[in-house]
Amino acid sequence: MPNACSDTEIRVCAAGDLAEGGLGVKVPVTDGSGRTTAFFVRYQGRVYGYLNRCAHVGVELDWEGSFFTRAGDLLMCARHGATYQPDTGLCVGGPCKNGRLVALQVQERDEAVYWTPAGKIQPVAD
Ligand code: FES
């Protein structure tokens with residue numbers, strides 16, 4: 001029986017576009033209440049994707065695509081310095097305490113990164 005909610009993958013970027021601890025790739029999305037972005041990064045060899053919304057005030061985290069701390073070990077909000085674990089999205093410092101980023105379903109295969117949108121977070125045209 002076909003799945004009524006069949007998944008439609010989005011090709012985010014080439015695998016090589018995400019460097020370890022480097023700049024993220026942003027994709028325009030809607031979260032059901034308005035337009036924002038999702039972002040994708042590489043950490044310890046794996047790719048991760050999150051809704052680009054800080055758990056503190058709800059603004060985008062990055063400054064011009066930069067999501068990592070200088071050390072490359074945490075994601076950091078450019079607004080007030082909240083920090084998140086790159087592999088779980090859990091807040092580990094700053095004003096986002098007990099919050100977390102909304103994780104997206106991401107896969108890397110065949111030299112590319114794919115996102116499978118689910119729920120209210122869906123891609124929108126540029
Ligand atoms: S909005 Fe991100 S730390 Fe305040």
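This is a predicted model: local features need pLDDT of at least 70, side-chain atom pairs count only at pLDDT 80 or more; totals for chains, interfaces and linings use all residues.

Visitor: Which residues touch the most other members of the largest nonpolar core?
Guide: They are Phe-39, Val-41, Leu-61, Leu-75, Tyr-84 and Leu-101, in a core of 16 residues. A nonpolar core here is a set of buried Ala, Val, Leu, Ile, Met, Phe, Trp, Tyr and Cys residues joined through side-chain atoms within 4.5 Å. Buried means under 20% relative accessible area, exposed over 50%, and partly exposed in between (1.4 Å probe, protein chains only).

Visitor: Which strands each supply at least two residues of this core?
Guide: Strand S3 (35-43) and strand S4 (46-51) do; the largest share, three residues, comes from S3. Strands (E, at least two residues) are DSSP runs, numbered from the N terminus.

Visitor: What lies apart from that core?
Guide: Another core, of 15 residues, lies apart from it, and Val-12, Cys-13, Val-106 and Trp-115 are among its members.

Visitor: Turning to charges, how many salt bridges are there?
Guide: The count is six, where a salt bridge is a side-chain nitrogen of Lys or Arg within 4 Å of a carboxyl oxygen of Asp or Glu.

Visitor: What does Asp-62 pair with?
Guide: Its side chain meets that of Lys-26, at 3.0 Å from N to O. Asp-62 is in the loop between S4 and strand S5 (75-76) and Lys-26 in strand S2 (residues 25-30), so the pair links distant parts of the chain, 36 residues apart. Asp-62 is buried at 10% relative accessible area, while Lys-26 is partly exposed at 34%.

Visitor: And where do Asp-31 and Arg-53 sit?
Guide: Asp-31 is in the loop between S2 and S3, and Arg-53 in the loop between S4 and S5, 22 residues apart. Their side chains form a salt bridge of 2.5 Å, N to O.

Visitor: Is Arg-42 buried or exposed?
Guide: Arg-42 counts as buried, at 11% relative accessibility. Its side chain meets that of Glu-108 in a salt bridge (2.9 Å, N to O). Glu-108, in strand S8 (residues 103-109), is 66 residues from Arg-42 in strand S3, and Glu-108 is partly exposed at 36%.

Visitor: Which residues are joined into one network?
Guide: Glu-9, Arg-109 and Asp-110 are, through salt bridges that share partners.

How values were computed. Residues are numbered from 1 along each chain as its sequence is written. Side-chain values use heavy atoms; hydrogens and water are left out. Helices (H or I, at least four residues) and strands (E, at least two) are DSSP runs, numbered from the N terminus.
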